[in-house]
Amino acid sequence: MANKILEPTHPEPIAKKTIVKNGNIITEEMKNAPLHQFFVNALKDIYYAENAILEALDKMQEAATAEELKEAFEDHHLQTQKHVKRLEKVFQLIGEKPEKKECKAIKGIIEEGEEVIKTTEEGTATRDAALIIAAQKVEHYEIATYGGLAQLAITMGHDKAADLLERTLQEEEDTDYQLTEIAETSINFDAEQED
């Protein structure tokens, strides 16, 4: 009786739909992974938030008194428009369609900002100080979101998307710093002098 050597059998490879977008390889398997789905949902959340922030910045600029603060809100409005476009590019890089998903967190923060406008006296430094705090709550939300999204993009190998998210993160941090500077150099002192 001769020994028969069995050749190992290999299963047929499973066909995977592969999408190549700007140097990123995205398989159907990757698109269905829980982390990818979470990442996409978080992108939709911040995409909604950035669009809502555009409207809120208009109201905040109109309510502000100090020219320096009005200009900061105007600058941030222009910057936020770039952030929206950048997010659209991130969606494209990962083979997804830009969509908004209601962000309850930003809705609440914006409502707080609207309440500040209603409950502070028009034309006062106190209102400006309150508007800065309201704006910084928005910035801190964005900083937390973009920081987390950038790290997830790195983890999943979406390097170009990570670069875009990190650029936005840096701009949000810069805006937060600028708002602190405006508050500390004049507005908070002026507000303290009001009766």
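**Figure 1. Overview of the predicted chain.**
The chain contains 6 helices and 2 strands. Along the sequence, the order of these elements is β-β-α-α-α-α-α-α. Of the 195 residues in the chain, 43% are buried. The accessible surface comes to about 11500 Å², and carbon and sulfur atoms account for 52% of that surface. Among contacts with a separation of 6 or more, 78% are between residues 24 or more positions apart.

**Figure 2. Helix α3 and the glycine that follows it.**
Helix α3 runs over residues 67-93 and has 27 residues. From its first C-alpha to its last, α3 reaches 39 Å, which is close to the 39 Å expected at 1.5 Å a residue. Just after α3 comes glycine 95, with a positive phi of about 75 degrees.

**Figure 3. Helix α5 and the glycine that follows it.**
Helix α5 covers residues 125-155. It has 31 residues and spans 45 Å from its first C-alpha to its last, close to the 45 Å expected at 1.5 Å a residue. Glycine 157 follows α5 and has a positive phi, near 80 degrees.

**Figure 4. The largest pocket, with lining residues from α2 and α4.**
The largest pocket has a volume of about 170 Å³. Helices α2 (34-63) and α4 (104-119) each supply at least two residues of its lining. Helix α2 gives the most, with 6 residues. The lining consists of Tyr48, Asn51, Ala52, Glu55, Ala56, Lys59, Lys100, Lys107, Ile110, Glu111 and Glu114. Sorted by class, the lining of this pocket has 6 charged, 4 nonpolar and 1 polar residues.

**Figure 5. The largest cavity, with lining residues from four named helices: α2, α3, α5 and α6.**
The structure holds 2 cavities of 30 Å³ or more. The largest cavity has a volume of about 90 Å³. Each of α2, α3, α5 (125-155) and α6 (159-193) supplies at least two residues of the lining. The largest share, 4 residues, comes from α2. Residues to find in this view include Ile53, Leu57, Phe73, His76, Thr175 and Leu179. By class, the lining of the largest cavity has 9 nonpolar, 2 polar and 1 charged residues.

**Figure 6. The second largest cavity, with lining residues from α2, α4 and α5.**
The lining of the second largest cavity divides into 7 nonpolar, 1 polar and 2 charged residues.

**Figure 7. Histidine 36 in helix α2.**
Is histidine 36 buried or exposed? Histidine 36 counts as buried because its relative accessible area is 4%, and buried means under 20%. This residue lies in helix α2. Alanine 153 is 117 residues away from histidine 36 in sequence, yet the two are 9.1 Å apart in space, C-alpha to C-alpha.

**Figure 8. Alanine 161 in helix α6.**
Alanine 161 is part of helix α6. Its relative accessible area is 0%, so alanine 161 is buried. Which residues does alanine 161 touch, not counting residues up to four places away in sequence? With those neighbours left out, alanine 161 touches Val90, Leu93 and Ala153. Lysine 89 can also be shown in this view: its C-alpha atom is separated from that of alanine 161 by 7.9 Å. Along the chain, alanine 161 and lysine 89 are 72 residues apart.

Conventions:
Residues are numbered from 1 along each chain as its sequence is written. This is a predicted model: local features need pLDDT of at least 70, side-chain atom pairs count only at pLDDT 80 or more; totals for chains, interfaces and linings use all residues. Side-chain values use heavy atoms; hydrogens and water are left out. Buried means under 20% relative accessible area, exposed over 50%, partly exposed in between (1.4 Å probe, protein chains only). Contact means heavy atoms within 4.5 Å. Accessible areas come from the Shrake-Rupley method with a 1.4 Å probe; for residues, only the protein chains shown count as cover. The expected span of a helix is 1.5 Å times one less than its number of residues. On a 1 Å grid over the protein atoms alone, a cavity is a set of points where a 1.4 Å probe fits but cannot get out, and a pocket is an open set with protein on both sides within 12 Å along at least five of seven lines; lining residues have an atom within 4 Å of a point. Grid points are joined across faces, edges and corners, and a volume is the space filled by probe spheres set on the points. Ala, Val, Leu, Ile, Met, Phe, Trp, Tyr, Cys and Pro count as nonpolar, Asp, Glu, Lys and Arg as charged, and the others, Gly among them, as polar.
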